[in-house]
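Subject: Structure handover

Hello,

Here is the structure I promised to pass on. Please take a look, then read the notes below.

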Amino acid sequence: MSRPLRIALVAGEASGDILGAGLMQALKQRHGQVEFIGIGGPRMEAEGLRSYFPMERLSVMGLVEVLGRLPELLARRKRLIQTLIAEQPDVFIGIDAPDFNLTLELKLRQAGIKTVHYVSPSVWAWRQKRVLKIREACDLMLTLFPFEARFYDEHQVPVRFVGHPLANTIPLQADRQAARVALDLLQDAPVVALLPGSRGGEVARLGALFLDAAERLRALRPGVRFVLPCASPERRAQLEMLLGGRDLALSLLDGRSHEALAACDAVLIASGTATLEALLYRRPMVVAYKVAPLTYRVLKRLVKSPYISLPNLLAERLLVPELIQDAATADALAQTLAPLLDGGEVQTEGFERIHHALRQDASAQAADAVLALAGRA
């Protein structure tokens, strides 16, 4: 009888915990005896991970916050490297969190442990020289998107495109009528979902702009209604202040972003991962984004990609409108959004093709790749 397969995983935030739990489940289905060690959240722990310390200690957002926690993060990573080299797992899997995981992977690979990185950093868009460190640190890169896999192929990094888990989770045909019933919305009124982002800074930059655009759109289409999912109680309070005394037929929701996307006819949305969810629900969208002027000037010089939104990156063409920085005015957003309430078919036909391409059963594909690397396929 062969010894149990020992897999080490490190996830740094909630999205990584979800991916890690799905991968662990698929590994257990394929290989009866698996032992999991490393760092993860409640979902990974529920699948059997022995977590060395709480995942929240790695969940740090923002430059100032990272600098304040840097000594702790470096000390934890140093101890983790020593522990994992002593434990000698068959494979180490770093799930996203590239600033923490890539150095960890490099040290473990140098110690003879096979390493996998699951979820590519945006190395194809900016700081492309990071690919040299990735090539040195990883035996295998697992990507969620096909254009990422092509980039790694071109740079001689072993890679496998596994698809995106959400493409399997979100149905190929969402039930708009049922979602409207669940959200207490009229069946025959046009509905627009407003998604100005989940972070305080995003809502501060885009919240009032999106509400202004909604007012302009309501003047163009008097019967239109709006739904706005709030990512947290803090974001709800922030949006209630921005809403003030505006005359909008708007429902603020606590979470429920997937129901909002299923219920709506079109979406006004901040650039980010939510655009992928809107694509998978096949709702035509207008993408907007604003950052501080200095940040924009810096990013404009650094970013190599012609597009900022995932739908356009995946389509490899301008499938959805992108209104960035000074182009993102309330009038421009409303005028661009209005025609999509009746005629977004060009977008949605493109979305359907992308949905099928991403629907690969990502966790199963990733598990097969990990077992092949471990010699346990």
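Start with Thr275. Leaving aside neighbours within four places in sequence, Thr275 is in contact (heavy atoms within 4.5 Å) with Ile269, Ala270, Met285, Val287, Leu310 and Pro311. Thr275 sits in helix 12, residues 274-280. Helices here are DSSP runs of H or I with at least four residues, strands are E runs of at least two, and both are numbered from the N terminus. The side chain of Thr275 also reaches the backbone oxygen of Gly272, at 2.6 Å. Thr275 counts as buried because its relative accessibility is 0%; buried means under 20% relative accessible area, with a 1.4 Å probe and protein chains only.

A word on the source: this is a predicted model, where local features need pLDDT of at least 70, side-chain atom pairs count only at pLDDT 80 or more, and totals for chains, interfaces and linings use all residues. Residues are numbered from 1 along each chain as its sequence is written, and side-chain values use heavy atoms, without hydrogens and water.

Now the whole protein. It has 17 helices and 13 strands. Its radius of gyration, taken over C-alpha atoms, is 22 Å, close to the 21 Å that the globule rule (2.2 Å times the number of residues to the power 0.38) gives for 377 residues, so the protein is as compact as a globular protein of that length. The C-alpha trace spans about 70 × 40 × 40 Å along its principal axes. Of the 377 residues, 52% count as buried.

Best wishes

How values were computed: Buried means under 20% relative accessible area, exposed over 50%, partly exposed in between (1.4 Å probe, protein chains only). A polar contact is a pair of N or O atoms within 3.5 Å; within protein, one must be able to donate a hydrogen and the other to accept it, and residues adjacent in sequence count only if both atoms are side-chain atoms.
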